[in-house]
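Look at the charged side chains in the model below. The text that follows goes through some of their pairings.

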Amino acid sequence: MDLLGSILNSMDKPPTVSDKQKALMKKQKEEYQKQQRAEAERLKVFREKVETKVNTFLQDDSTKEYKFHPMDQIHRSIIHDVAEVANVWAYSFGEEGIDRHIMIFKREHTPSEDQLNALRRGEEWNEEIARRVAEEKERRAKEEVETAKAKKRKDNFVPNSYYKDKYQHLIGKEAALEAAKKTEANSNYGFVPSENKKDQRSIEQTLADIRAKRRKLEENGNAVASNLESRDKTVK
């Protein structure tokens, strides 16, 4: 204990605060509190001004939006809070520290995405620009509808006549059916030589062959009729 006591006694005592220093510290604290109260009062006055401006804006039927001048984040936060209470839209635009500002819009005049995007890019937006954007959207919508209709017509296309009846009015039904068989798909398609997969004849050749076959049938029919007639005469 004697050793510990001697060590403590040998250590330097903490410096004492003089009355002058105490008075200085007290004055600094009071000055800081005074600045805080002054800042709170300034923000309170600013909020009251914003509330008055927003109320005036809402009562003016000729205005759809209002733009505040650029300001710091604390003041912008007050505007956002007042706008929320007043039930109006509030959006921030511009670059922080340079021209960051707030625009408010009435609920019945909610800005479109096109307008917001233009304002975010720092571009001007007015009724003429809005009209051109709306016309362009309408034109694109019409083009999409026409394209969809054209595709639907193509998918639902129905030929005016059955392909087997194509030549019926020219060469008769039986011959037309025979000709149509030439165009029917081979059930073994893919298992025959490529030169046999389709009729190699031209339309002119096909029609000529059909006419020749028809004449042959007519000649055979005439021959049979002649033989029957001769036989009947002989019997008589």
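At 38% relative accessibility, Arg-139 is partly exposed, a class that lies between buried (under 20% relative accessible area) and exposed (over 50%), using a 1.4 Å probe and protein chains only. This is a predicted model, in which local features need pLDDT of at least 70 and side-chain atom pairs count only at pLDDT 80 or more, while totals for chains, interfaces and linings use all residues. Residues are numbered from 1 along each chain as its sequence is written, and side-chain values use heavy atoms, with hydrogens and water left out.

Side chains of opposite charge can pair when their charged atoms come close. Arg-139 forms a salt bridge (a side-chain nitrogen of Lys or Arg within 4 Å of a carboxyl oxygen of Asp or Glu) with Glu-136, and their closest N and O atoms are 2.5 Å apart. The two residues sit three apart in helix H5 (residues 127-155), so about one helical turn separates them. Helices here are DSSP runs of H or I with at least four residues, numbered from the N terminus. Glu-136 is partly exposed, at 29%.

Arg-139 also forms a salt bridge with Glu-143, again with 2.5 Å between the closest N and O atoms. These residues are four apart in helix H5, which means a separation of about one helical turn. Shared partners join Glu-136, Arg-139, Arg-140 and Glu-143 into one salt-bridge network.

The whole structure has eleven salt bridges. One of them pairs Arg-47 with Asp-81 at 2.7 Å, N to O. This pair links distant parts of the chain, with Arg-47 in helix H2 (residues 19-59) and Asp-81 in helix H3 (residues 73-86), 34 residues apart.
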